[in-house]
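The sequence and structure come first.

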Amino acid sequence: KQSAPQNKPTAYSLDRTVFLTKMFLSFRKGLLSSNPAKDYCKSRALNYETLEIGFNGGQFHHGQRKDEQLINDCLEYGLLTPAGTNSRTGGQAYKAFGNRGLVFALKNKANEIVSFYFRSTIDDKNSKHYYLKNRQGLYPNYPNPNTKKLILTESIIDAASLLQINEIADSYSIIACFGTNGLNDEILNAIKEWLVAEPVEAKEIIFFFDND
């Protein structure tokens, strides 16, 4: 938790894509320096050295990184929420969203980071999932129009697992749905654009869902 700076005007310095890109780099460093996060990746057979994965240790607004602008931007985009009064300083305290979770970047059509998905590393039994408010974007990205086959997975971790298979990653496009009922309008529109994109030829969509 962190006390809020006092008596200064609120301002948001960075737009969504710039800010989230900056934060993802921080989360990426957080994973590489966290043995528990790396152990969790290994337990899920995720190669954190090659996949774009971060880890939110919940400390990004503490210590030397204490910064009014950072806190304001985090509040604006949903990475922090107010959490009462700091018992030590008496100032405003904050709760980090998606704390102790792996972080996956969701991207727009321009391949820019526009949102995050968090997968808890400490509550695997209940499969805790978190998305930033105003969720948008696809994982891992929009489909490549030059590919002839598109795989739709049930989860983001399923998609990340397939990305590690070179024969698939090199020849297929992959889109993660957000659960069994997560085939949303953005995904459907991306599929429609992929189907009619040049070169227009026979294309195949494969549903790669769990048995449930």
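## Surface patch

Helices, at least four residues long, and strands, at least two, are DSSP runs numbered from the N terminus. In this predicted model, H6 supplies the largest share of the nonpolar patch, three residues. The patch lies on the surface and consists of Leu-183, Leu-188, Leu-195, Val-196, Ile-205, Phe-207 and Phe-209, which together have about 570 Å² of accessible area. H6 and strand E9 (204-208) are the elements that give two or more residues to the nonpolar patch.

Leu-195 is located in helix H6. Its relative accessibility is 35%, so Leu-195 counts as partly exposed; the partly exposed class runs between the limits of 20% for buried and 50% for exposed.

## Largest nonpolar core

Nonpolar side chains tend to be buried together in soluble globular proteins. Here the largest nonpolar core has 34 residues, and those that touch the most other members are Leu-31, Leu-46, Ile-53, Leu-102, Phe-104, Tyr-139 and Ile-156. At least two residues of this core come from each of helix H2 (35-43), strand E4 (101-107), strand E7 (149-153), helix H4 (156-163), strand E8 (172-176) and helix H6 (185-196). With five residues, H4 gives the most to this core.

Leaving aside residues up to four places away in sequence, Leu-31 touches Ala-37, Lys-38, Cys-41, Tyr-48, Ile-53, Gly-54, Phe-55 and Leu-102.

Another core, of 20 residues, lies apart from the largest one. Among its members are Leu-20, Cys-74, Tyr-94 and Ile-113.

Note on methods
Residues numbered from 1 in each chain as written. Predicted model: local features only at pLDDT ≥ 70, side-chain atom pairs only at ≥ 80, totals over all residues. Heavy atoms only, no water. Core = buried A, V, L, I, M, F, W, Y, C linked by side-chain atoms within 4.5 Å. Buried < 20%, exposed > 50% of the residue type's maximum accessible area, 1.4 Å probe, protein only. Contact = heavy atoms within 4.5 Å. Patch = residues over 30% accessible without salt bridge, like charges linked within 9 Å, V, L, I, M, F, W, Y side chains within 5 Å. Areas by Shrake-Rupley, 256 points an atom, 1.4 Å probe, with all protein chains shown as cover. Salt bridge = Lys/Arg side-chain N within 4 Å of Asp/Glu carboxyl O.
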